[in-house]
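Subject: Structure handover

Hello,

Here is the structure I said I would pass on.

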Amino acid sequence: MFGSEVIDFVVDEGLQIYGGMGFSAEAPMERSYRDARINRIFEGTNEINRMLTVDMILKKGMKGEIDLMGPAQKVAGELLSIPEMEDAGEGVFANERRYIRNFKKAGLMVAGAAVQKLMATLSKEQEILMNIADILIGIYTAESALLRAEKLISLRGEEACSLQIDMVKTYFNDMADNINKFGKDAITSFAEGDELRAMLMGLKRFTKTEPFNHKEARKRIAALVIEENKYPF
Ligand SMILES: Cc1cc2nc3c(=O)[nH]c(=O)nc-3n(C[C@H](O)[C@H](O)[C@H](O)COP(=O)(O)OP(=O)(O)OC[C@H]3O[C@@H](n4cnc5c(N)ncnc54)[C@H](O)[C@@H]3O)c2cc1C
């Protein structure tokens, strides 16, 4: 599902690079543009798959196959306490390891509160399910990128992986804001008053990142792609 949206973004940008010619069947992008589009429809549309993702996880939680409410309640408890100073960690991804822990807390807080508040009607609240699915997608893809980059660093060393490091940091920077937005959309749909304010503050805390110069990082990534004139990663 995530890949089907990334490829649509990529072919759309590809078409744009060709300008007016991109719109024409004479340029190579129009075939890719048409071919890519079906991925958001077959094998289940992305709307349905988003809802299924959350539904399946919640069902596993209810059957006791995974513990969702325990960790969710722990995060809810954390909201009421004074934030502890977190261990700063070490290494090039010290921040990102902390961010991913916090993104998971944001996800647990939003999903846990939605389950508690809406109970059986949650399965009919499609917009909220989609918000939760988008948070889960963000967490999963950010953590996957981080783990993959860490593996590459362990094989090739940090210097040889500077671009992968840029890519992970850029992605986390984007994802923190995205998770904040999806979370805000979800909780403002079912909470109000003090409870809403507490959760919005929690969301802010769990999606907080250090300032990051994404423009320069994106330029370094683009420079390599332009230099190699092919997919270089
Ligand atoms: C090229 C191609 C190949 C295919 N190959 C196969 C195949 O090999 N085997 C097979 O079984 N099927 C196949 N399909 C069918 C495909 O799986 C369906 O087209 C797809 O599941 C969507 O169903 P639908 O077309 O009936 O759209 P609908 O179910 O009518 O959906 C229409 C739109 O409404 C949205 N929507 C529907 N319900 C909701 C909801 N509750 N909330 C929010 N949005 C909603 C959908 O996301 C979609 O955007 C193929 C389709 C195509 C185009």
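Helices and strands here are DSSP runs, numbered from the N terminus, where a helix has at least four residues and a strand at least two. Counted that way, the protein has 9 helices and 0 strands. Please keep in mind that this is a predicted model.

Overall layout

Read from the N terminus, the order of elements is α-α-α-α-α-α-α-α-α. Along the principal axes, the C-alpha atoms occupy a box of roughly 55 × 40 × 35 Å. The chain of the protein has 233 residues, and 36% of them are buried. Taking contacts between residues at least 6 apart in sequence, 71% connect residues at least 24 apart.

Helices 1 and 2

Helix 1 covers residues 2-17 and helix 2 covers residues 29-37; their axes lie 9 Å apart, and the packing angle is about 160 degrees. Angles over 145 degrees count as roughly antiparallel, so helix 1 is described as roughly antiparallel to helix 2. The crossing of helix 1 past helix 2 is left-handed. On the helix 1 side, the contact is made by Ile7, Asp8, Val11, Asp12, Gly14 and Leu15. Helix 2 contributes Met29, Ser32, Tyr33, Ala36 and Arg37. Sorted by class, this contact holds 6 nonpolar, 2 polar and 3 charged residues.

Salt bridges

How many salt bridges does the model contain? The count is 19. I will go through a few of them.

Lys169 and Glu96 form a salt bridge between their side chains, at 3.1 Å from N to O. This pair joins distant parts of the chain, with Lys169 in helix 7 (residues 162-190) and Glu96 in helix 5 (residues 94-118), 73 residues apart. Are these two residues buried or exposed? Both Lys169 and Glu96 are buried.

Arg97 has a relative accessible area of 36%, so it counts as partly exposed. Glu150 is partly exposed as well, at 22%.

Lys181 is partly exposed, with a relative accessible area of 46%, and Asp185 is partly exposed at 31%.

Besides these pairs, there is a network of salt bridges that links Glu5, Arg50 and Asp134.

Helix 8

One last item concerns Ala198, which is placed in helix 8 (residues 193-206). Ala198 is partly exposed, with a relative accessible area of 31%. How far apart in space are Ala198 and Lys208? Their C-alpha atoms are 15 Å apart, and the two residues are 10 apart in sequence.

That is what I have for now.

Regards

Definitions and conventions:
Residues numbered from 1 in each chain as written. Predicted model: local features only at pLDDT ≥ 70, side-chain atom pairs only at ≥ 80, totals over all residues. Heavy atoms only, no water. Axes fitted to C-alpha atoms, helices over the stretch in contact; angles between N-to-C directions. Parallel < 35°, antiparallel > 145°, perpendicular 65-115°, else oblique. Left-handed = near helix turned anticlockwise from the far one by under 90°. Contact = heavy atoms within 4.5 Å. Nonpolar A, V, L, I, M, F, W, Y, C, P; charged D, E, K, R; others polar. Salt bridge = Lys/Arg side-chain N within 4 Å of Asp/Glu carboxyl O. Buried < 20%, exposed > 50% of the residue type's maximum accessible area, 1.4 Å probe, protein only.
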